[in-house]
Amino acid sequence: PIANHDEEARQSYVQNLRTILGRTLAPGNKTVWEKSVGPAFVKQHGREPETSEEVQAVMTKDRRYQMWSAMQRSSQEMLWDSVIDSVERQLPDMIDKAQPTNAPAGGSLTLDANLETPDYLTGHDIHLQPGCYHADYADGDVAAGAIYDRGLFVYSMGYTGLKSDFTGTSNLNLFKTMFPDAKPKRILDMGCAMGNSTLPWAEEFPEAEVYGIDVGPSLLRYGHARAENLEIRAHFSQQNAEHTNFEDNSFDAVVSHWLMHETHFDAVSKIFAETRRMQSRGRH
């Protein structure tokens, strides 16, 4: 989505507000703990706190922390408001451009209308993104992907780079350091979102078959169109990382970037078991 003048101004405002909250005000929480809340806890209990829950219980009662926390949440809501206007204004055109028939790079998109979205995603809007990542409101909808794309840039204050590929590139560089001679032929990115972290793998290993899975159809439509527009071949499919339709030992490398950040504890063991099932023995 391309922001007009006023939309760009609002997004810049939110980005700068988040910078102030993160770099100037957030460190004050440590000062509040060290100078006030922490000593009060020790005086009351005769010991230092033993768990993060004990710290949270007393910090959330502090008025200075409450103010910072409220501003942080408000800035998050403002972020999506500033981005959604751009997306809604251009959504029909983006849906038209994202048709899967437009695939000059040779990638693919496979959706599953019967896939059930896990309740740990449907129960609340992660990061307050309206509709969360799985929202799908129109035929050929790409709104969730477009909102996530621009929202991620504003949310991260630009550190993810112009292509929002910082995390994928960092993970890839670590992989290359750990396995300098590896030349994987089949790579799977679990929880790929719009594919921003998937594509660095496809660029690094152009001869490989690179796959990305996620539960959100709008994310995947947008990610597929985005990859094709960037002329990078990747295959996207709508699947739950807890149980996929890929065969045993079918990938040389199975990676993820933000998957655990958005996943319930109960699903983690299933995802790791599925990873081991798909990953060829002796590979990565």
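View 1. Glutamine 11 has a relative accessibility of 2%, so it counts as buried (under 20% relative accessible area; over 50% would be exposed and anything in between partly exposed, using a 1.4 Å probe on protein chains only). You're looking at a predicted model, where local features need pLDDT of at least 70 and side-chain atom pairs count only at pLDDT 80 or more, while totals for chains, interfaces and linings use all residues. Residues are numbered from 1 along each chain as its sequence is written, and side-chain values use heavy atoms, with hydrogens and water left out. Glutamine 11 sits in helix α1, which covers residues 5–25. Helices (H or I, at least four residues) and strands (E, at least two) are DSSP runs, numbered from the N terminus. Setting aside residues up to four places away in sequence, glutamine 11 touches Ala3, Ser82, Val83, Ser86, Arg150 and Val154; contact here means heavy atoms within 4.5 Å.

**View 2. The whole protein, zoomed out for orientation.** There are 10 helices and five strands to find your way around. Along the principal axes, the C-alpha atoms fill a box of roughly 65 × 50 × 35 Å. Of the 284 residues, 46% count as buried. Take the contacts between residues at least 6 apart in sequence: 77% of them join residues at least 24 apart.

**View 3. The five-stranded parallel sheet.** The strands line up as β1-β4-β3-β2-β5 in an open sheet with parallel pairing; two strands pair if DSSP finds at least two bridges between them. The edges belong to β1 (108–110) and β5 (253–256): each has a single partner strand, so one side of each is left without a neighbour in the sheet. On average, neighbouring strands are turned by 20° against each other, direction ignored.

**View 4. Strand β4 and its two partners.** On one side, β4 (residues 235–238) runs parallel to β3 (residues 209–214), and four bridges join the two. Look for tyrosine 211 standing opposite histidine 235 of β4. β4 also pairs with β1 in the parallel sense, over three bridges, and there leucine 109 faces phenylalanine 236 of β4. Which way do His235, Phe236, Ser237 and Gln238 point from β4? His235 and Ser237 go one way, Phe236 and Gln238 go the other, and all are buried.

View 5. Glutamine 239 lies in the loop between β4 and β5. Is glutamine 239 buried or exposed? With a relative accessible area of 7%, glutamine 239 is buried. Aspartate 214 is 25 residues away from glutamine 239 in sequence, but in space the two are 5.5 Å apart, C-alpha to C-alpha. Leaving out neighbours within four places in sequence, glutamine 239 is in contact with Leu115, Ile213, Asp214, Val215, Thr244, Asn245 and Phe246.

**View 6. Helix α2 crossing helix α3.** Two packed helices are described by the angle between their axes and the distance between the axes. For α2 (residues 28–45) and α3 (residues 52–59), the axes come within 11 Å and cross at roughly 95°. Axes are lines fitted to C-alpha atoms, for helices over the stretch in contact, and angles run from 0 to 180 degrees between N-to-C directions. That makes α2 roughly perpendicular to α3 (65 to 115 degrees; under 35 is roughly parallel, over 145 roughly antiparallel, and the rest oblique). From α2, Asn29, Val32, Trp33, Val37 and Phe41 meet Glu54, Val55, Val58 and Met59 of α3. By class, the contact has seven nonpolar, one polar and one charged residues. Ala, Val, Leu, Ile, Met, Phe, Trp, Tyr, Cys and Pro count as nonpolar, Asp, Glu, Lys and Arg as charged, and the others, Gly among them, as polar.

**View 7. Helix α6 against helix α9.** Here α6 (residues 143–155) and α9 (residues 217–229) pack at about 70°, with their axes 6 Å apart. So α6 is roughly perpendicular to α9. Ala143, Ala144, Gly145, Ala146, Tyr148 and Asp149 of α6 meet Ser218, Leu219, Tyr222 and Arg226 of α9. The residues of this contact divide into six nonpolar, two polar and two charged.
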